[in-house]
Amino acid sequence: MQLTIDQIKTLTFGAVQAEETKDGLRFYKCTEKQIEAWKTLSATLGERAETTPGVRLDFHTDSKSFSFEAVGVFEVYINDLFRTKLDLSEGGHATVALCDPLGDPLEDARVTLIFPSHYLNASLKSVSVDDGAYVKPHEFDRKILFVGDSITQGWDSGYDSLSYAWRVMRFFNADAVIHGVGGGYFHRTVFDSIEFDPDIVILALGTNDFGKYPTTAAMREETVAFMDRLAAEYQGKKIFCISPTWRMGQEKPMGHFRDCRQVVIDEATKRGFIHINGLDLVPPDPAFFADPKPLHPNALGFGIYAENLIRKMLKYL
């Protein structure tokens, strides 16, 4: 039984817009206005704004398998446990048995089909389940909006679903939108209202601002403009602000890394955001990072990041 376009859309989470193309449905984590704003700043940033971290189909079914035709690299979870990674980057069809790890069929299963966090132009052409099987969307307990850079996008996590954002959303059983744009920084033009009403906002920008601006005063100007818009849009929501995590290369012409961090901390505190100290999230040891010059956590580092972030968030929830 092939699902209709409307059925697929009802099972899809993490996207703020969708379009039908010759290759199938394309989903976007950012609005058209945001994508154009990132493109204006940089063609590369514009491309990264079009990727699909956090976009997924999430549904329950009594089907014994499901099939899909798509373009991209996808991960599949069954009953919230990773099952397989499928490389359909050249386009293709895949069938996944809905069984336990021993191969025994499940009476009912939760299926999560995770779109790629970095592959550009990912699309979904069709989804099928057994004839007569029921399909219903997963129900979530809360909604979280993540706003950040490559670390929020899940750079170097190994598996897209092992980023800190994915780990946090799974822990809280949260519907989530991940506005993670690799290379992103505070800039007033990239903020936009979206059709998603989060209970929690997690803001994690600042590390790319270090060296992006000639002075901390220039950085502060854009940080103020962005945070003002965020605070106005999500007044009354829980807003967590993660100050930049440990990294190598802490001296640049604009000053020391601690001064950049202090801008983020000061402006977040002024607006009543809950500050989460990024220095408390990932150990300052290259073993927990993927880069030769540490910046992005690896899968192990992301796990520690998420564990520490969740522990700190629970104090306020």
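This is a predicted model: local features need pLDDT of at least 70, side-chain atom pairs count only at pLDDT 80 or more; totals for chains, interfaces and linings use all residues.
## Basis

Local features need pLDDT of at least 70 and side-chain atom pairs count only at pLDDT 80 or more, while totals for chains, interfaces and linings use all residues. Residues are numbered from 1 along each chain as its sequence is written, and side-chain values use heavy atoms, with hydrogens and water left out.

## Arg26

Arg26 lies in strand β3, residues 24-28 (strands are DSSP runs of E, at least two residues, numbered from the N terminus). Arg26 is buried but has no salt bridge. Buried means under 20% relative accessible area with a 1.4 Å probe, protein chains only; a salt bridge needs a side-chain nitrogen of Lys or Arg within 4 Å of a carboxyl oxygen of Asp or Glu. The nearest side chain of opposite charge is that of Glu19, 4.3 Å away; Arg counts as positive and Glu as negative.

The Arg26 side chain makes a polar contact with the side chain of Tyr28 at 3.3 Å (a pair of N or O atoms within 3.5 Å, one able to donate a hydrogen and the other to accept it). Leaving aside residues up to four places away in sequence, Arg26 touches residues including Gln17, Glu50 and Asn121 (heavy atoms within 4.5 Å).

## Strand β5

β5 runs antiparallel to β6, residues 81-97, with 13 bridges joining them (pairing requires at least two DSSP bridges). Phe66 stands opposite Val96 in β6. The β5-β6 hairpin has 2 residues between the strands, and Asn79 there takes a positive phi near 50°.

β5 also pairs antiparallel with β8, residues 123-129, over 6 bridges, where Ala70 stands opposite Leu124. With β7, residues 109-114, β5 forms 4 antiparallel bridges; Val76 has Leu113 as its bridge partner in β7.

Notes
Buried means under 20% relative accessible area, exposed over 50%, partly exposed in between (1.4 Å probe, protein chains only).
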